[in-house]
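Here's a quick tour for anyone meeting this structure for the first time. Take a look at it, then read on about its charged pairs and a bit of its surface.

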Amino acid sequence: SGFNSIGHMDTMPRGRNQIGHYKEGEEFIQNVFHVLSQIFTGKEKSNLAICWLQYEISKVIQCLQAKKKKKLKAQGRKSKKLAKNFLKAPDNRNNLSLWKLYAYLEWLLGNTDDSRKVFDTALCTAGTGGLKSAQLCSLSLLYAQLEVELLESTEGAVTSRAVHILTKLTENGPYVPYSGQVSPVNVLKARKTYEHALQDYLSKTADSDQDQVNDTDQLVNLVGCYALFQYLTVGIDAAVLIYTQASEKLEVSGSQKCENTGENFGILNFPTALEAVTLQHTNLLRFHMKISVYPLNPLREALTEALKRYPSNQSLWRSYIHIQRKSHSASKARRFFDSVTRSTNSLEPWLFAIQAEQMRKKLTEKVQRADVGEIHCTIPETGLTNRIVALFEHAVQSENGTHCPLLWRMYLNFMV
């Protein structure tokens with residue numbers, strides 16, 4: 001019916017409505033999932049279940065962002081029912097990825113205690129793989145990250161639930177739910193175990209070529225767990241050190257592989273591991289700035305370095321725009337956007353440059369229209385509209401921009 005987006009498209013403001021999940025598109029997507037789930041068996045079916053649940057979680061997050069409580073309740077019920085049905089299937093009972101998504105779903109819906117029970121159950125049934133099991137590391141990392149987000153400061157974090165989870169992961173024994181304290185001896189032992197495990201992995205990735213995908217995934221989880229552990233038990237500088245060590249080692253490994261093998265597609269996993277580690281690093285810095293006083297420069301430097309290397313990473317761009325909004329000088333950010341758009345074919349830098357200017361324009365208009373008598377405008381508006389139009393013009397002339405419906409829609413929307 002008319003021009004509407006199918007299923008899930010990133011929202012664009014349109015009056016009071018948001019373009020979100022259309023009914024017809026939603027039905028189409030659900031039908032595809034249902035048909036495929038009857039065709040697939042075994043591992044493929046489990047992977048499909050994971051994709052389906054991730055899609056449901058994306059809808060829950062959208063309801064949370066739009067602050068629609070009624071819709072969130074209904075969506076939450078549907079998503080939970082689906083997750084429980086997946087976990088009842090005999091093939092999926094020990095699938096830690098599905099347990100992880102179900103626990104995350106409960107957490108997003110605000111059922112913290114239920115979510116903890118699901119995480120604890122999954123960890124108890126997961127066996128004793130410890131740091132060698134990629135799925136166990138990934139599960140523990142998410143659980144610890146969610147717990148850390150509840151902390152109001154890092155004081156006393158040594159005895160927190162997050163430290164308990166990360167310590168238990170190193171012990172290779174059965175998991176025991178948190179009882180309210182963590183023994184200092186276990187913390188010291190865990191630090192040694194993490195240190196040795198990381199050294200082993202970094203030396204291994206430099207030498208071996210086998211099972212690379214699993215190895216790099218595992219390395220990212222291991223670095224995440226160790227850095228978070230150091231952050232809670234020692235401090236932010238200790239965590240940053242881990243990320244720096246891992247990144248340097250991965251860069252060297254990646255470049256050596258390139259020289260040795262010429263066109264070796266296996267090394268494509270190294271950049272992805274490096275990108276994931278960089279993302280963890282910037283996210284931790286952002287979190288730390290939220291709960292304590294910390295200079296902005298380390299985060300800004302980390303983000304600009306990362307974006308030069310990964311110009312199409314949307315999460316990094318979002319963080320960059322978020323920190324740039326705090327500064328009144330736009331020139332530095334503009335110069336940076338300009339240099340990145342010149343050196344890459346990716347469309348993301350254009351889209352985010354436009355978004356940053358639109359946010360600035362919105363802020364300026366808000367200041368100018370404030371109804372408080374005489375206003376002395378601090379940021380002159382002149383030229384912002386022309387600048388945005390110029391950015392759109394350049395973006396739609398680029399090879400990828402010409403074929404991007406979202407960009408054209410944004411341009412039309414802005415001109416209207």
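## Charged pairs and a surface patch

Lysine 59 and glutamate 26 are both buried, where buried means under 20% relative accessible area, exposed means over 50%, and partly exposed is anything in between (1.4 Å probe, protein chains only). This is a predicted model, so local features need pLDDT of at least 70 and side-chain atom pairs count only at pLDDT 80 or more, while totals for chains, interfaces and linings use all residues. Residues are numbered from 1 along each chain as its sequence is written, and side-chain values use heavy atoms, with hydrogens and water left out.

Helices here are DSSP runs (H or I, at least four residues), numbered from the N terminus. To count as a salt bridge, a side-chain nitrogen of Lys or Arg has to be within 4 Å of a carboxyl oxygen of Asp or Glu. Side chains of opposite charge can pair when their charged atoms come close. How many salt bridges does a search of the whole structure find? The count is 12.

Some of these pairs join up: Asp113, Arg116, Glu147 and Arg161 are linked in a network of salt bridges.

| Salt bridge | N to O distance |
|---|---|
| Arginine 116 and aspartate 113 | 3.7 Å |
| Glutamate 147 and arginine 116 | 2.6 Å |

Glutamate 147 is in helix H6 (residues 134-149) and arginine 116 is in helix H5, 31 residues apart, so this pair links distant parts of the chain. Arginine 116 and aspartate 113 are about one helical turn apart, because they are 3 residues apart in helix H5 (residues 112-125).

Are these side chains buried or exposed? Arginine 116 is buried at 18% relative accessible area, and glutamate 147 is buried too, at 6%. Aspartate 113, at 52%, is exposed.

Now for the surface. Val35, Ile39 and Phe40 make a nonpolar surface patch of about 270 Å². Valine 35 belongs to helix H1 (residues 23-39), and its 47% relative accessibility makes it partly exposed. Patches take residues with over 30% relative accessible area and no salt bridge, and nonpolar side chains (Val, Leu, Ile, Met, Phe, Trp, Tyr) are joined within 5 Å, like charges within 9 Å. The areas come from the Shrake-Rupley method with a 1.4 Å probe, and for residues only the protein chains shown count as cover.

How values were computed: Helix = DSSP H or I, 4+ residues; strand = E, 2+ residues; numbered from the N terminus.
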